[in-house]
Amino acid sequence: MRAWGRELLASVLVNSIYEMKNYPVVLLNTVLSPLSFLIVITFVSKGQLIGEAIEGGFIMSMFQSGMSLQGDLSHLKNDFKLQDMVVSSPTTPSAYVTGMALAEVIYSIPALAVLTVLAAIYIHPGVVQSLELLGVFLLMFLGSVAMGFTLSTFSSDIVQSFAFSRLISTVFSTLPPVYYPITYIPLPFRYAAYLSPTTYAGEIAQNSTGLIQLSTTDIFSAWTILIAVSLALLLIAVKKARWRDI
Amino acid sequence: MSMETLLCDSLTKVYSDSKGRKAVDSVSFEVPSHGIFSLIGMNGAGKTTLVRILATQLAPTAGRATIDGLDVIVDAKKIRERIACIPQEARTIPWMTPKQTVLSYLLWRGVSYNEAGRNASEALAKVGLEAQENILNRRLSGGTKRKVLVATVLSSDADIIFLDEPTTGLDPISRQELWTSLTRLAEHRFLILTTHYLEEAERLANVIGILHLGKVVGFGTLDQLRSTLRYQYSLMVTSEAELPVVKEGLVTRARTGQTQLLTDESEAHEISRSLLEKGVKFSMSRVSLEDIFFHLVHATGQEDSE
């Protein structure tokens, strides 16, 4: 167990702490990306949608953390051959991947800290609401980590990998209604929005803090779909996981 | 079968996207698991595929391989406790320092943080990088970056080390320095080294395997490989016209553009005396690994085309 912890620490150090320490400018990117949408939505709505935008910022941060894992795993494996070095060592795949995923969350800490302060000022969630939000964000993170990991096993080219990562981030965390209520989307397009799990995450978060009102059935459905999608993505990731190439 | 050996038995690898072409084709050999074992071959000969199978990174299609009696598939966990690998084209991560590179590698091997820090500094000092241990990798020269990678495996307790073309792209001085580090590393550990620099294998290896199109076409010590050739001595002159009448031997055009005479020892001495008397400039040596390599690869090529 102690060795597992050390292996995990190595992944965290390599994929986040050392980069944050040696290239502090990268932190700006992780803060700016979710906050820029928050600022735009808040200004355009004249402050009316600040609650939705803050929750959207959380969802985008968590989703992007998982998607960044895809680019980073591919980058470390294909460009630096790091994964081959690690495979030929006593490291367990679970410690390697968990550490890499944890590193992505650590990367998001500055953004999450800013969002938490904003949430405390503008949303004032209670304990139950905070736990509900935490559950949604955690599911979002697990699902996107699983998706990122699965996609990283397909790509051996870093340009393709980062392009893919950006595309999926945009499709799932920027276009769907996570920064604003789904009712702002014209009806025919609303059905398309429901194809994205982030839409359900946004709805649960907005309902939890009283920004929108959903029926019990709708809330139950949203939770069910979100949990089912996350589990399905995790199962696919476990099935696709290959420590030794074939 | 001795336990302290690296053994390959009909090892074969066919990649799913290779249209049936065998990257490694029924490779069989046994080599003592100490000193330096070098695999040489042209690009695409199968060296990296073979190393990746042995280093438990890639599954073979058929056959088996063992290291000191441990099967690379069945006993992968035990083997991974004992091996370390610098893959072909491995690079240091630019946003890390040499010390952070070695330290994190040791953490992955389960070493405690404090011990990893101490061992990292020691290993970097052994390859002469104590002054650069806290400089970002991206600021280091190509040769220094390679030394950082060597320090990572040097710092570990692994007693079997795979180095896939570790000196590719290095300048002659950096290469010499790295050879010194590798020679020191091989004093107590088993090194499996792939290279397409024949001089490197000739200089460092105890045993050499020659791969061509996925097959082993030559295997043994340098002397054993020499013995596969009919002639053991090589004489180089500027042009064939300078040579006296050759009773025994083979005149060829060397890759340097010079005329090369391959012959036996007595004929080599006789001709060299004659060349000295005539004042012709020449060089004489035992056949090199390069001569052996080209002979074996050429012979295999001819067999394949027949």
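In helix 5 of chain A, the residues A:A95, A:Y96, A:V97, A:G99, A:M100, A:A101, A:A103, A:E104 and A:Y107 are buried. Buried means that 20 or more other C-beta atoms, placed from the backbone, lie within 10 Å of a residue's own. The model is predicted: local features need pLDDT of at least 70, side-chain atom pairs count only at pLDDT 80 or more, and totals for chains, interfaces and linings use all residues. Residues are numbered from 1 along each chain as its sequence is written, and chains are lettered from A and ligands numbered from 1 in the order in which they are written.

Helix 5 spans residues 93-107 of chain A. Helices are DSSP runs (H or I, at least four residues), numbered from the N terminus. The 15 residues of helix 5 reach 21 Å from first C-alpha to last, close to the 21 Å expected at 1.5 Å a residue. The expected span is 1.5 Å times one less than the number of residues. The buried residues of helix 5 pack against helix 1, helix 2 (26-44), helix 3 (50-79), helix 4 and helix 7 (127-154) of chain A.

Between the chains, 25 residues of chain A are in contact with 28 residues of chain B. Contact requires C-beta atoms within 7 Å. On the chain A side, helix 1 (2-22) and helix 4 (82-87) each give two or more residues. Helix 1 provides the largest share, 10 residues.

The largest nonpolar core has 146 residues. Such a core is a set of buried Ala, Val, Leu, Ile, Met, Phe, Trp, Tyr and Cys residues joined through C-beta atoms within 7 Å. Helix 3 of chain A gives this core its largest share, 12 residues.

Conventions:
Contact = placed C-beta atoms within 7 Å. Buried ≥ 20, exposed ≤ 12 C-beta atoms within 10 Å, placed from the backbone.
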